[in-house]
Amino acid sequence: MSSVTNIYEKQRLFFNSNKTKSVGFRKRKLIELKNTLINNEADILSAINKDLGKHYYESYLTEYFMIISEIKKTIKNINVWTRPQRVKSSILNFPSRDYLLSDPYGCTLQISPWNYPFQLSMATLIGSIAAGNTIILKPSEYAPKTSEIISEIISSIFEEGHVNVVTGGPKVATELLKLRWDHIIFTGSTKIGKIIAAAAAKHLTPTILELGGKSPCIVDQTAKIKVSSKRIAWAKFINCGQTCIAPDYILVHDDIKEKLIKGLSSEIRNLYGKKAIDSESYGKIAHIKHFERMIEFISDEKILFGGDHDRESLYFGPTIIEIQNSKSKLMKSEIFGPILPIITFSNEEELREIILENEKPLGFYIFSEKRDFIKKMSRYFSFGGGVSNDCIIQFVNNNLPFGGIGHSGMGKYHGKYSFDAFTHFKPFIERGTWVDIPLRYAPYPSSFKWLKKVLNFFT
Ligand code: NAD
């Protein structure tokens, strides 16, 4: 029996022991996890820094703080979320009490990526623990230090068979996918998402896919250049552009193209100085494979800003490209790095054509001072989540669900949505026996006008 199968068997036994059905048990484990995360803050930030060169300040804001806030919210609300939810009964079932029971799926699998290695692994884990599942988490092989500390923390708190971390790359993931899971959540690329969906389909396993895509960023003539440039530059180049909801490309109105390019260039310098390579606030590309992709992306393109890089340190500077040809490879796949292509539009039809060339995106951004335009665009296009006059902040509010649509994913999580995502809400009806209304029983009468009257009265 392989070690993966061994852990899986232990999880089956653990789940069948019914231990995770106790809300008190789940809550105690979450409190322990929260305290351990707080005690290990410095080591967590250091691990992320080693993996991705992220400044501690950035990791605190975009990874650590979000998880602490998520776990606190979950601990505070778990008793309410797990309570049976009463719903109105049907007159046909009188007398009855109808409600929804929250039920864990069972033994579940989580596969996560490297770009926000702590946050993306822990957020799903918290929701699933709260829902009462057992979990095998496979973090990404490209963030080994963060995976290591997550693994240490988890094994120090959770009994074997409740929550386990299994490290490794595609080989391990393939082995895990051969097993029959009760639920799978995968965060990563659309390409691998299809492999996950195919493996899950063999066992009819419910699946959440958190994928990527080309998130457009529209800037119209009325946008305030300074604040828009500042917000776009921050959102695009944070984590060296390796953010699933980063603005992938800019669609700027002809009239303000030059001003925007000037604004963006100046804001990039404000963020990272004249030489981003020397800035401690600027990250690095996670892996040589992704670094080579960036090099390939900018060959034969018109570079307006940046383009500097250093293979040895995996540094790739903030870069702005002017798209001159709609067939550019930069417009054919998700960039997922510090390259910002700019395309111009002169009317809404052009805008629509360019955006609809690609699959439904994960993020959608509109910079404009015209509320009508914002309203029109946000209603017209289909996307995972969007923002006007800012980017990527939809991720921060855990009162909002986070997830994609179409090729950018399926299913949503964060806060209460996470608990719901990892829970099967099973309807249950308690019938009373003190009366048995004969309405439904045969033999049926030939005329039933009275039945219509009674039913219509109650509906
Ligand atoms: P990836 O798809 O290459 O890898 C993600 C995970 O899948 C890793 O743990 C990896 O080991 C595993 N994996 C790799 N090959 C596999 C296979 N053949 N079978 C099963 N599992 C396999 O993605 P990545 O490079 O880690 O992350 C970048 C992508 O993830 C981007 O497309 C980005 O947009 C997306 N992403 C999405 C979100 C989101 O919340 N929607 C968040 C972060 C990243």
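Predicted model: local features only at pLDDT ≥ 70, side-chain atom pairs only at ≥ 80, totals over all residues.
Strand S4, residues 134-138, is joined to S5 by three bridges, and the two strands run parallel.

Now step back to the whole sheet. S4 and S5 belong to an open sheet of six strands, in the order S5-S4-S3-S6-S7-S17. The pairing in this sheet is mixed. Which strands form the edges? They are S5 (163-165) and S17 (409-410), each of which pairs on one side only.

Next, find helix H12 at residues 348-356 and helix H13 at residues 371-380. Their axes lie 12 Å apart, and the helices pack at an angle of about 30°. The crossing of H12 past H13 is right-handed.

Which residues make the contact? H12 contributes Glu348, Leu351, Arg352 and Leu356, while H13 brings Phe373, Lys376, Met377 and Tyr380. Sorted by class, this contact has five nonpolar residues, three charged ones and no polar ones.

## A cavity inside

How many cavities of 30 Å³ or more does a search of the whole structure find? The search finds one. The largest cavity holds about 40 Å³ of space.

To locate this cavity, look for its lining: Gly213, Lys236, Gly241, Thr243, Cys244, Ala246, Asp248, Glu334 and Phe336. By class, the lining has three nonpolar, three polar and three charged residues.

Conventions
Residues numbered from 1 in each chain as written. Heavy atoms only, no water. 1 Å grid on protein atoms, 1.4 Å probe; cavity = no way out; pocket = protein on both sides within 12 Å on 5 of 7 lines; lining within 4 Å. Points joined across faces, edges and corners; volume = space filled by probe spheres on them. Nonpolar A, V, L, I, M, F, W, Y, C, P; charged D, E, K, R; others polar. Axes fitted to C-alpha atoms, helices over the stretch in contact; angles between N-to-C directions. Helix = DSSP H or I, 4+ residues; strand = E, 2+ residues; numbered from the N terminus. Left-handed = near helix turned anticlockwise from the far one by under 90°. Contact = heavy atoms within 4.5 Å. Pairing = 2+ DSSP bridges.
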